[in-house]
Amino acid sequence: MLTSVDADVIRVLGDPLRLKIVTLLARETLCTTHLVEETGAKQTNLSNHMKVLREAGIVETEPCGRFTYYRLRPEVLAGLSAQFAELAALARAAAENKRACP
């Protein structure tokens, strides 16, 4: 079943800009400058979103000189995906179950 940690990840990914960032990072590791260019977000706004993604454990950082690179942690998304797959399987199995009203 979904945990409170899973719910936090879902909440974090509910923001359109953060979802776009995650989609971009699924394709390649990018630095802050690349993310600003790709999203059109202001540097400070992007930094705030990256902090939220880091704290949720969705991305990790790699310092490289004066730049910070961001990499997606696929195991976090895979774990969440597995939880949703389990819920879908339960729903399919219980499709005909109906509790009688008192």
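E62 is partly exposed, with a relative accessible area of 33%, where partly exposed covers the range between buried (under 20% relative accessible area) and exposed (over 50%), computed with a 1.4 Å probe on protein chains only. This is a predicted model in which local features need pLDDT of at least 70 and side-chain atom pairs count only at pLDDT 80 or more, whereas totals for chains, interfaces and linings use all residues. Residues are numbered from 1 along each chain as its sequence is written, and side-chain values use heavy atoms, with hydrogens and water left out.

The side chain of E62 meets that of R71 in a salt bridge at 2.4 Å, N to O, the term being defined as a side-chain nitrogen of Lys or Arg within 4 Å of a carboxyl oxygen of Asp or Glu. By this rule the model has 4 salt bridges, and the table sets out some of them.

| Pair | N to O distance |
|---|---|
| R71 and E62 | 2.4 Å |
| R71 and E60 | 3.0 Å |
| E75 and R73 | 2.9 Å |

R71 and E60 form one of these salt bridges, at 3.0 Å from N to O. Because R71 lies in strand β3 (residues 67-72) and E60 in strand β2 (residues 59-64), this pair ties together parts that are 11 residues apart in sequence. Strands here are DSSP runs of E with at least two residues, and helices are runs of H or I with at least four, both numbered from the N terminus. E60, E62 and R71 are linked in a network of salt bridges; within it, R71 is partly exposed at 29% relative accessible area, and E60 is likewise partly exposed, at 32%. In the pair of E75 and R73, E75 has a relative accessible area of 46% and is partly exposed, while R73, at 26%, also counts as partly exposed.

The strands β2 and β3 belong to an open sheet of 3 strands in the order β1-β3-β2, with antiparallel pairing. Its edge strands are β1 (30-31) and β2, each of which pairs on one side only; two strands count as paired if DSSP finds at least two bridges between them. Strands of a sheet pair through backbone hydrogen bonds, either parallel or antiparallel. Between β2 and β3 the antiparallel pairing extends over 6 bridges, and T61 stands opposite Y70 in β3. Helix α4 (residues 43-55) lies across β2 and β3 and runs at about 120° to β2, an angle taken from 0 to 180 degrees between the N-to-C directions of axes fitted to C-alpha atoms, for helices over the stretch in contact, with contact meaning heavy atoms within 4.5 Å.

Elsewhere, L2, I10, F84, L87 and L90 form a nonpolar patch on the surface with about 380 Å² of accessible area together. Such a patch joins nonpolar side chains (Val, Leu, Ile, Met, Phe, Trp, Tyr) within 5 Å and like charges within 9 Å, using residues with over 30% relative accessible area and no salt bridge; the areas come from the Shrake-Rupley method with a 1.4 Å probe, and for residues only the protein chains shown count as cover. Helix α5 (residues 74-93) contributes the largest share of the patch, 3 residues. F84 lies in helix α5 and is partly exposed, with a relative accessible area of 41%.
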